[in-house]
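Please look over the sequence and the three-dimensional model shown below before reading on.

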Amino acid sequence: MNCSQCREQLTGYIEGLLDERLAGEVALHLQECRACKAEADGIARLHNRLLADGQTLRHDHIANGVMDQIFRQQTIKLRRIKMQKRYGRTISALVAVAAAIAVAFFGVWPRSFISEASAAEVLRQGIAAISNLHSVYLKANIRTVAHDNFELIGLNYDFVPNEMWKQFGEPGKWRIEKPGRVVVMDGESSTLLVKPVQLASRESVNTGFVEWLKPLMDVDKVLDSELRQAERSGWDLQLTHEVGQDGAPKLVVTIEAKAQGDYTNDWLKNKSILGSDTRRVYRFDAQSKLLEDLEVYVHAEKEDVLVLDINEIAYNPEIDPALFSLELPEGVSLSKEPKVLSDNDKYAQMSPQEVARAFFEACANENWDEVLKFWSLSAVPEFLKTGFGGLEIINIGEPFQSGRYPGWFVPYEVKLKSGTVKKHNLAVRNDNPAKRYVVDGGI
Amino acid sequence: MCQVDQECIALCLDGHPEVFRELVTRYQAALLAQVAGRVGDRGCAEEIVQESFVRAYFGLGNLRQTRSFFSWLLGIADRVTKEHLRDRQRQQEVARLWPERRSDTATEMSNDLGLERAVAELPEIYREVVLLRYYAGRSCAQLAEQLDIPLGTVTKRLSRAYGMLRESLARYGDEGKSSEVLP
């Protein structure tokens, strides 16, 4: 063994990782070579010193402090939610009483009470506080499915992290992302990529890909819209005061909002924020008037369920420009606006139920050219071929409408080649230039 | 007791916050070494490490790759340390302007602060293996599994780290406290 070979093995030798033969060769070389022995001693000294320091620090007991703080913060958060529910009005009343006492004793109306006159005023101050915004970043936990529509919520779903970046200006740019789905608006068009199934869509700047989340990035417009809606619809608007975890006073505006749309058929009820009766809790820093977080609770049958929690808002952060471009992977199926077909009339005359049946029959026959007439894509995605090819139709039900969705839902039950029976509602819509119903979801 | 970080995290997210103690015990020394090496103050380091763990707990839901918990934790500790150093700089500026309002920064030293400073200065991939090996008490084989790299890569990274640490310690004139050497 020469010096270079020996030094390569020194770490393994000190760690006892070498086999007997190799360890013997290293030991022999170290007996014969002073330079390598000095090098090995240097490493061994460092090794022992690191081990000793590691041992010392492992005896440090900070776990109790950490766990105490975690439990305390969790209790504060729980208490905060309960306080708002039970004593929101009481706290507002107490604040008003305190202000009245100040007037009686000092003959003045304290400045802080003047500036915090009402929930509406707090919203207006919140809008004014971000009048010079050039960029914003938001991070939200939402009860949703990682690869499904951004609008989708479910009371029993787990929280999925959603991130939003927006650069204001002409043109503005933005990006919204969750683990299975991303949308980027680069100033010229909006591109959606559904990662697990490699489906993509490229549309105009003002696409509806992200529904309720997109306006969230225009924080001032959200507050303005809440204010107008509350005034127009007579929503309940409350102002409460609390001390934040950072010890600073907070102003909390709570809005009770009603679901929008017709839920005679309640398929879409509680499946989006706008399709639910909600309590929205906006929390502002009392000093800066900046919105710091937003929680949205859905009023479910038994209890209120937190479905959206914006827990991080950064105003005017530096955003990496690379975030505002999205390269589509090769082989992705690109969704297109349906074109007028040479035999368009035949398809345009079909009812939603007939379209659903024809679509599933085309899948059953693995007639993929026909499938593309009902689902406007550049190519049939692989998951549809392998999952739905050769299926067997069990039942196609009566179409219905629900909530704010402009199309129809057609209940279906099919048996897939794998033997799985799939029961769901196919979403179809015909608000396109070809005026024929095309598949829009529910696969 | 959870063998791997992913199990602990899943339990924490499933409503068992007490399991987080296991992760704190596992990584407290590694974080303390890195942070003490940066701030040069054991008391401050403990506060920063505590704050980092608390932030990590409340951010667990945002962690995409639970396998990478330790790297993510190091990143959080790094941010909290920077915030602390910024605050300290501000306090020192105030102290210069208003000498009677002395900023009171304790300077109780860690046992081997010189070594911890050298570790904290290592590039991330080398720092990670040193912290896990010596301060989280992982064997080389466990390290290879946790970082999903071959055992040979672990020993190569350790060798490279040793070289950098020795250079760094020599630069500060601090080449060794232990007299034990190979037989």
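In helix α7 of chain A, which covers residues 119–129, the residues A119(A), V122(A), L123(A) and G126(A) are buried, where buried means that 20 or more other C-beta atoms, placed from the backbone, lie within 10 Å of the residue's own. Seen down the axis of α7(A), these buried residues fall within an arc of 100 degrees, so they line one face of the helix; the arc is that of the directions from the helix axis to the C-beta atoms. This is a predicted model, in which local features need pLDDT of at least 70 and side-chain atom pairs count only at pLDDT 80 or more, while totals for chains, interfaces and linings use all residues. Residues are numbered from 1 along each chain as its sequence is written, and chains are lettered from A and ligands numbered from 1 in the order in which they are written.

**The sheet of chain A**

- Twelve strands of chain A form an open sheet with mixed pairing, in the order β7-β8-β9-β10-β11-β1-β2-β3-β4-β5-β6-β12; helices (H or I, at least four residues) and strands (E, at least two) are DSSP runs numbered from the N terminus, and two strands pair if DSSP finds at least two bridges between them.
- β7 and β12 (333–335) of chain A stand at the edges with a single partner strand each, so one side of each is left without a neighbour in the sheet.
- Neighbouring strands of this sheet are turned by 15 degrees against each other on average, direction ignored, with axes being lines fitted to C-alpha atoms, for helices over the stretch in contact, and angles running from 0 to 180 degrees between N-to-C directions.
- α7(A) packs on the sheet, touching β7, β8, β9 and β10 of chain A, and its direction makes about 75 degrees with that of β7(A).

**Strand partners in chain A**

- Strand β1 (residues 135–143) and strand β2 (residues 159–167) of chain A run antiparallel and are joined by nine bridges, with S135(A) having Q167(A) in β2(A) as its bridge partner.
- β1(A) is also joined, by seven bridges, to the antiparallel strand β11 (residues 304–315) of chain A, where V136(A) stands opposite Y315(A).
- β2(A) pairs in the antiparallel sense with strand β3 (residues 173–178) of chain A over five bridges, and K166(A) stands opposite W174(A) in β3(A).
- Five residues lie between the strands in the hairpin of β2(A) and β3(A), where G169(A) takes a positive phi near 135 degrees.

**Chain B and its contact with chain A**

- Chain B has eight helices and zero strands, and buried residues make up 40% of its 183 residues.
- The contact between the chains takes 37 residues from chain A and 39 residues from chain B, two residues being in contact if their C-beta atoms, placed from the backbone, lie within 7 Å.
- On the side of chain A that touches chain B, α4(A) gives the most, with 17 residues.

**Nonpolar cores**

- The largest nonpolar core has 67 residues, and V35(B) and V49(B) are among those with the most contacts inside it; such a core is a set of buried Ala, Val, Leu, Ile, Met, Phe, Trp, Tyr and Cys residues joined through C-beta atoms within 7 Å.
- Helix α2 (residues 20–39) of chain B gives the most to this core, with twelve residues.
- A second, separate core of 48 residues includes W174(A), L199(A), L291(A) and I310(A).

How values were computed. A residue is buried if 20 or more other C-beta atoms lie within 10 Å of its own, exposed if 12 or fewer, and partly exposed in between; C-beta atoms are placed from the backbone.
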